[in-house]
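Here is a short briefing to read alongside the model.

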Amino acid sequence: MSTTRGLEGVVATSSSVSSIIDDVLTYQGYNIDDLAENASFEEVIFLLWNGRLPKRSELDELTKQLAENMEVPKEVFDYMKAYPVDKVHPMAALRTAISQLGLYDEAADEMTEEANKQKAIRLQAKIPAVVTGFSRIREGKEPIAPKKELSFAANFLYMLKGEEPDETSETAFNKALVLHADHELNASTFTARVCVATLSDIYSGVTAAIGALKGPLHGGANERVMAMLMEIGNTDNVEPYIRKAIDNKEKIMGFGHRVYKQGDPRAKHLREMSKKLTGITGESKWYDMSIKIEEMVTSEKGLPPNVDFYSASVYHSLGIDHDLFTPIFATSRVSGWIAHILEQYSNNRLIRPRAEYVGPEKQTYVPVDER
Ligand SMILES: CC(=O)SCCNC(=O)CCNC(=O)[C@H](O)C(C)(C)COP(=O)(O)OP(=O)(O)OC[C@H]1O[C@@H](n2cnc3c(N)ncnc32)[C@H](O)[C@@H]1OP(=O)(O)O
Ligand SMILES: O=C([O-])CC(=O)C(=O)O
């Protein structure tokens with residue numbers, strides 16, 4: 001038996017949800033550049049789940065179903081109020097709350113295609129209320145009920161802040177949601193597929209995926225990019241800070257990727273958004289510092305930025321708390337997880353690879369008092 005560390009380059013399934021070929025990312029064959037410029041997040045959800053873009057009436061129907069399912073059972077918020085909120089990371093709160101949502105879904109273990117599609121809508125619809133509700137509760141405020149007439153992106157920002165976003169913020173947030181929606185067999189999506197391939201339910205699959213996304217080598221990197229920018233503080237400090245990190249062989253958050261070698265095609269959109277939004281807020285230092293870091297890490301380490309690098313200054317400019325960056329990633333990525341979960345169910349086989357045994361052999365049991 002031979003092993004490949006971290007399963008690098010291993011093709012573990014076939015999928016028609018999204019592809020990365022020669023550093024080009026497509027969702028169901030649509031280039032991400034095209035979608036980022038033109039699509040609403042609701043259209044992308046439909047695309048990922050159905051394999052084609054919706055007609056107007058289909059988009060209206062999905063939007064209506066999402067709006068009707070956005071509210072979260074009161075028990076979920078009551079339970080959140082009992083969390084040690086000042087110590088709990090929002091990703092941990094999200095992981096628990098999504099698992100808890102399954103307790104209040106009578107169809108949680110119903111495995112028909114129709115039941116799973118309905119649960120998919122309920123999960124996608126409720127995740128903004130869960131993320132924003134926790135954010136409000138930890139500030140000692142009540143969660144805000146969604147407004148049915150707002151877009152998915154606008155509703156998220158509305159429920160977070162209590163006021164409807166301006167058009168620039170809504171457009172930027174929608175674009176960020178589109179850019180994060182799916183990404184082939186990344187670690188959290190693989191986790192979701194492994195989980196549901198046992199024929200476990202969709203809530204278990206999404207809960208497991210949230211756990212995987214939380215880690216700093218995956219979705220958790222965006223929050224840490226902002227922590228790095230805050231620590232650096234200003235453009236003059238970039239050079240010595242990054243030099244030290246490179247010399248000490250430290251991982252620089254927001255750089256590198258297992259699949260992309262020339263660069264992550266999502267980063268350029270986020271870079272543009274960062275430039276625009278930091279210009280509007282009058283805090284262009286976050287963008288200027290990011291550009292300087294990118295120049296240094298790219299030229300000295302040959303590592304281009306990934307999706308997490310510029311999303312940090314984008315979300316910061318939208319006035320979002322830094323520890324909500326990864327839950328926002330999850331709010332978008334749940335659409336991709338669900339697409340992969342439904343695809344897995346439709347052609348399922350248990351995922352159970354092998355491990356090469358490298359431990360001791362031919363051991364003989366010795367009673368505990370004789371060891
Ligand atoms: C949405 C996402 O998940 S995008 C990724 C988000 N994660 C991050 O931004 C965290 C920082 N980046 C990383 O840790 C890595 O680049 C990963 C996890 C994304 C990819 O990891 P892998 O494909 O396993 O690459 P691996 O970690 O083995 O790195 C290969 C080499 O490049 C170096 N390297 C990779 N990324 C970085 C980085 N960000 N900073 C410094 N060095 C790096 C490694 O130290 C290693 O060097 P070595 O061969 O001298 O030991
Ligand atoms: O594909 C990966 O390994 C990580 C990533 O960029 C994503 O999940 O968006």
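What follows covers the fold and then the two ligand sites.

This is a predicted model, in which local features need pLDDT of at least 70 and side-chain atom pairs count only at pLDDT 80 or more, while totals for chains, interfaces and linings use all residues. Residues are numbered from 1 along each chain as its sequence is written, chains are lettered from A and ligands numbered from 1 in the order in which they are written, and side-chain values use heavy atoms, with hydrogens and water left out.

**Overall fold**
- The chain has 16 helices and three strands, counted as DSSP runs (H or I, at least four residues, for helices; E, at least two, for strands).
- The chain is as compact as a globular protein of 371 residues, because its radius of gyration is 21 Å and the globule rule also gives 21 Å; the radius is taken over C-alpha atoms, and the rule is 2.2 Å times the number of residues to the power 0.38.
- Along the principal axes, the C-alpha atoms fill a box of roughly 70 × 55 × 45 Å.

**Ligand 1**
- Ligand 1 is surrounded by 19 residues, and the closest are His-218, Ile-252, Gly-254, Phe-255 and Arg-258; a residue counts if one of its heavy atoms lies within 4 Å.
- That shell has nine nonpolar, five polar and five charged residues, with Ala, Val, Leu, Ile, Met, Phe, Trp, Tyr, Cys and Pro taken as nonpolar, Asp, Glu, Lys and Arg as charged, and the others, Gly among them, as polar.
- Polar contacts (pairs of N or O atoms within 3.5 Å) include one of 2.7 Å between an oxygen atom of ligand 1 and an N or O atom in the side chain of His-218.
- A polar side-chain atom of Lys-251 is 2.9 Å from an oxygen atom of ligand 1, and a polar backbone atom of Leu-217 is 3.0 Å from a nitrogen atom of ligand 1.
- Of the 910 Å² of accessible area that ligand 1 has on its own, the protein covers 66% (Shrake-Rupley method, 1.4 Å probe).

**Ligand 2**
- Around ligand 2 are His-183, Asn-186, His-218, His-257, Arg-266, Phe-329 and Arg-333.
- By class, this shell has one nonpolar, four polar and two charged residues.
- Oxygen atoms of ligand 2 lie 2.7 Å from side-chain N or O atoms of His-257 and Arg-266, and 2.7 Å from a polar side-chain atom of Arg-333.
- The protein covers 85% of the 270 Å² of accessible area that ligand 2 has on its own.

How values were computed: Polar contact = N/O pair within 3.5 Å; in protein donor to acceptor, adjacent residues only side chain to side chain.
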